[in-house]
Amino acid sequence: MDCPTEEGQIRRALEQFADVRGLRFDLPARALSIDAPHSAWEPVISAINSLGFKTEALSAPPPAEDTAKAQRAELTRLVAALVVAVAAELVHFMAPETMVWKVVGMAVAAGAIALSGLAVFRKGLSSLLRGQLNINALMSVAVAGAFAIGQWPEAAMVMALYSLAELIEARSVERARNAITGLLALSPPQVEVRQADGAWTSVDAKAVAVGSIARVKPGERFALDGRVTAGQGAVDQSPVTGESIPVDKTPGDDVFAGTINQAGALEFEVTKAASDTVLARIIHAVEEAQGQRAPTQRFVDKFAAIYTPAIFVLALAVAVGTPLLMGWPWLTAVYKALVLLVIACPCALVISTPVTVVSGLAAAARRGILIKGGVYLEEARKLKVVALDKTGTLTEGKPRLVAQAALSQTLPEAQVMQVAKSLASRSDHPVSKAVAAGLVGEPLPVEDFGADMGRGVHGTINGRQYILGNHRWVHERGLCSAELEAKLEEHEAQGRTLSLLADQERALGLFAVADTVKETSRQAVADLKALGVRSIMLTGDNPSTAKAIGNQVGIDDVRANLLPEDKLKVITELGQTLQTGMVGDGVNDSPSLAAATVGFSMGGAGTDTAKEAADVLIMNDDLRKVPETIRLSQRTYAILWQNIVLALGIKAVFFVLAVFGSATMWMAVFADMGASLLVVFNGLRLLKSSR
């Protein structure tokens with residue numbers, strides 16, 4: 001097993017087993033991991049053996065050194081086969097035309113075929129005996145036929161070049177498969193952990209318990225996820241989130257395995273085991289995504305299943321029909337038919353889709369976009385409308401103090417702010433916390449502190465009673481003048497939540513709190529509009545706040561006061577006529593994320609439930625990744641069809657040359673190999689443009 005075509009054969013053979021939950025192919029190592037109960041093992045092995053493969057049970061994946069050694073041995077064998085095939089050509093062209101030299105030439109050619117093609121013949125014969133016409137069957141018939149009609153030098157060269165091309169293709173596909181794993185699997189195996197006596201010791205990262213204190217020096221990578229407890233510095237998070245600019249870290253900030261500490265030693269508390277880090281989950285998700293078949297890939301597989309037998313029938317018609325109907329010499333007709341079989345080899349067609357899809361998935365992951373399967377990579381380009389949750393998606397999801405003003409001339413402004421901070425600091429309400437965090441200075445002692453549910457808090461400071469409450473409470477106390485009401489209405493029209501500081505006689509200060517819009521939201525909405533995608537806001541917040549946020553980011557269609565079932569209803573109704581995307585981060589968004597054509601969740605701020613329900617995770621919570629995903633989807637789809645057209649177009653040209661011109665087996669194998677390598681390298685272009 002060393003090429004995607006054979007991977008496809010095995011996948012199709014194992015589709016009949018309902019107990020097989022998952023397959024993981026490692027083509028360079030020729031290893032397959034099967035997720036299935038022990039009871040299904042024997043029939044699964046029998047099914048694989050029936051395809052002409054020899055199986056060997058492994059207790060663990062083969063070591064990388066063994067895989068590399070096997071790859072070098074295989075490459076050496078195929079290069080040797082190519083050298084022997086060239087020797088066969090030289091004997092054919094330069095040696096005297098005597099029986100002895102002919103036998104020598106045939107022996108040399110047979111040696112080249114044996115070196116490069118025994119596995120192909122074994123699989124091809126197995127396929128022919130089962131009545132299946134696949135790539136190995138085509139090549140086996142073509143090479144054996146060419147040898148039989150005296151074209152043994154070409155038969156040897158065809159088999160050697162074919163096997164070498166298969167090896168190159170397999171390595172290229174694996175390069176795409178390993179692109180994200182190789183990028184991310186960089187977390188060091190060892191980490192410095194503080195011991196009970198305060199000493200620092202290097203420990204195997206897999207053995208570090210959650211809650212341990214670890215240390216990372218400047219220039220080192222984090223081996224585990226954690227929360228900074230001491231130190232400050234900049235961390236390059238691009239391997240995980242796709243952010244190109246380093247992020248400053250201080251105590252309390254989260255850090256991720258695989259990221260790079262650029263400056264300043266950092267101590268952090270380990271929050272996740274090595275097997276459960278964000279990095280490990282990303283790699284696992286990408287591996288699972290690679291195992292899914294994208295729509296175009298399924299189409300190509302079905303097409304190839306019809307195409308290959310049809311070509312075999314056409315070649316048979318050329319071999320038998322043209323001598324009878326057109327008077328061609330039998331050897332010429334058979335030779336042309338064999339050339340057709342080599343040209344028709346569907347390698348390029350079959351390989352055109354997986355290498356492109358996997359490259360697209362890897363390119364997305366490098367950008368901090370985790371797509372859970374090729375189907376979503378393809379579907380994203382079809383989106384016509386994207387529904388956006390407000391809190392945590394368009395906005396930061398954290399209320400902040402955005403405006404403050406002293407309203408009294410009798411009390412200095414600094415004193416107004418200090419009194420407000422003193423009361424706000426004693427409250428657990430999110431609005432009070434935002435006020436306290438936004439004001440500077442030290443709070444004063446508060447006596448007789450209390451809270452009035454739904455109104456605010458009160459207390460005595462320096463012998464004077466104060467309240468810090470909402471608009472309604474201050475209005476009920478008769479402290480709102482017409483001028484103050486106008487100011488309050490102005491703030492409320494912008495979707496802000498207001499707190500007022502007052503004493504027994506007058507309002508003293510105004511504090512406006514709002515969930516601020518992310519800096520990237522307006523650009524994301526504009527990018528979606530440029531792509532022809534309409535944006536809709538779905539939120540459970542009140543209409544005035546929702547409308548204010550909509551105006552800030554450029555969304556006209558704002559739907560407020562929605563419960564989770566209301567959001568789901570909107571997505572379902574839109575989905576009946578349009579391909580609809582949903583972007584959210586909360587538990588209440590999960591039903592809508594699951595119902596959308598493509599659901600996007602914030603990978604950083606999102607809840608676990610939302611991440612499970614979504615099809616795409618945005619690792620750095622940057623909404624601009626949504627239009628970026630759509631653009632990548634469009635580009636991937638374009639390259640998919642470029643590859644299909646290239647593969648079929650090149651074959652069509654050489655078909656005509658083979659039947660009506662003078663195409664030889666040399667030309668045929670270069671046409672097949674050239675088309676295969678062309679589509680592989682075209683698909684890999686997605687990796688190079690991943691930044």
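Tutor: Buried means under 20% relative accessible area, exposed means over 50%, and partly exposed lies in between. The model here is predicted.

Student: Why is aspartate 557 called partly exposed?

Tutor: Its relative accessible area is 21%.

Student: What makes aspartate 557 and arginine 534 a salt bridge?

Tutor: The closest N and O atoms of the two residues are 3.4 Å apart. The cut-off is within 4 Å, so the pair qualifies as a salt bridge.

Student: How do you know that this pair links distant parts of the chain?

Tutor: Aspartate 557 is in strand S21 and arginine 534 in strand S20, 23 residues apart.

Student: Why is aspartate 503 called buried?

Tutor: Aspartate 503 has 3% relative accessibility. Buried means under 20%, so aspartate 503 counts as buried.

Student: Which salt-bridge partner does aspartate 503 have in arginine 506, and what is the N to O distance?

Tutor: Their side chains meet at 3.6 Å, N to O. Arginine 506 is at 28% relative accessibility and therefore counts as partly exposed. Salt bridges that share partners join Arg464, Asp503, Glu505 and Arg506 into one network.

Student: What makes arginine 455 and glutamate 476 a salt bridge?

Tutor: The N to O distance between their side chains is 3.1 Å, and the cut-off is within 4 Å, so the pair counts as a salt bridge. Arginine 455 is in the loop between strand S15 and strand S16, while glutamate 476 is in helix H16.

Key:
Residues numbered from 1 in each chain as written. Predicted model: local features only at pLDDT ≥ 70, side-chain atom pairs only at ≥ 80, totals over all residues. Heavy atoms only, no water. Helix = DSSP H or I, 4+ residues; strand = E, 2+ residues; numbered from the N terminus. Buried < 20%, exposed > 50% of the residue type's maximum accessible area, 1.4 Å probe, protein only.
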